[in-house]
Amino acid sequence: MNTPDVETNPKGPVDWTAIHGLLSLSFRSMEGRIDPPSSLKAMSPDTLRIKAETEDLFLIRAGEAPIACLFGHGTPPVYQLSKFAVHPDHARQGLARRLIDAAARKAAGTCTTLRLQTRIELVENHATFRALGFSRSGSSSHPGFDRPTSVIFTRPIYPPDCRRIGLPPSLPLA
């Protein structure tokens, strides 16, 4: 199978309506499970376009249709990831790992840690992020909540060629 490339900050046309649709489809399973509702509820295709003006967009397309996406931005030493989605028809094909690896390459040199948050209730996401090399590092609460509502996961940014030079892949980039 030919796997499409990860585009980082695509230079060509981007169908923001289709990206919003991909995120909405991917986040649909959260409805009725998380409190407060996802911030995606307040977003539109236009707010995603504006988000991409100040954050990196990592995008995988099949033809012109987006099938996976991720946003990221760095405040060294942390590169924050958000709005992570893989189309259900393309799940379990390594697309999530390819997006995360692309974000790590983009952040390498300025940041040493990838960071993301997922909701407490979404234990399937916790397992996915652990499988992608993340560790639980804390929790946070949305404004107005007296209990944690999100879990924070972090992962060191590894040197891209650590195996080639004989170092174990668990060493973070200094």
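Mentor: Rings of Phe, Tyr and Trp (its six-membered ring) form an aromatic pair if their centres lie within 6.5 Å, and the pair is stacked with planes under 30 degrees apart, edge-to-face over 60, and tilted for the rest. The model is predicted, so that local features need pLDDT of at least 70 and side-chain atom pairs count only at pLDDT 80 or more, whereas totals for chains, interfaces and linings use all residues. Residues are numbered from 1 along each chain as its sequence is written, and side-chain values use heavy atoms, with hydrogens and water left out. A search of the whole structure finds three aromatic pairs.

Trainee: What makes Phe129 and Phe134 count as buried?

Mentor: Buried means under 20% relative accessible area, exposed means over 50%, and partly exposed lies in between, with a 1.4 Å probe and protein chains only. Phe129 has a relative accessible area of 8% and Phe134 has 3%, so both residues count as buried.

Trainee: What makes you say that the charged end of Arg155 sits over the ring of Phe134?

Mentor: A charge sits over a ring if NZ of Lys or CZ of Arg is within 6 Å of the ring centre and within 35 degrees of the ring normal. The charged end of Arg155 is 5.9 Å from the centre of the Phe134 ring, and Lys51 lies over the face of Phe71 at 5.3 Å from the ring centre.

Trainee: How do you know that the buried residues of helix α1 line one face?

Mentor: In α1 the residues Trp16, Ile19, His20, Leu22, Leu23, Ser26 and Phe27 are buried. Seen down the axis of α1, they fall within an arc of 155°, so they line one face of the helix; the arc is that of the directions from the helix axis to the C-beta atoms. The cover over them includes α2 (45-54), β2 (56-62), β3 (65-75) and β4 (78-86), where contact means heavy atoms within 4.5 Å.

Trainee: What makes Asp15 a cap at the N-terminal end of α1?

Mentor: A polar contact is a pair of N or O atoms within 3.5 Å; within protein, one must be able to donate a hydrogen and the other to accept it, and residues adjacent in sequence count only if both atoms are side-chain atoms. A side-chain oxygen of Asp15 lies 3.1 Å from the backbone nitrogen of Thr17, so the distance is within the limit.

Trainee: Why is Thr149 called buried?

Mentor: Thr149, in the loop between β6 (135-140) and β7, has 0% relative accessibility, so it counts as buried. Its side chain makes a polar contact of 2.5 Å with that of His142. Leaving aside neighbours within four places in sequence, Thr149 is in contact with residues including Asp35, Pro36 and Arg119. Asp35 and Pro36 are themselves joined by a cis peptide bond, with omega about 5°, and Pro36 lies in the loop between α1 and α2.

Trainee: Is Arg92 buried or exposed, and what is the value behind that word?

Mentor: Arg92 has a relative accessible area of 87%, which places it in the exposed class. Arg92 is found in the loop between β4 and α3, and its phi is near 65°, a positive value in a residue other than glycine.

Key: Helix = DSSP H or I, 4+ residues; strand = E, 2+ residues; numbered from the N terminus.
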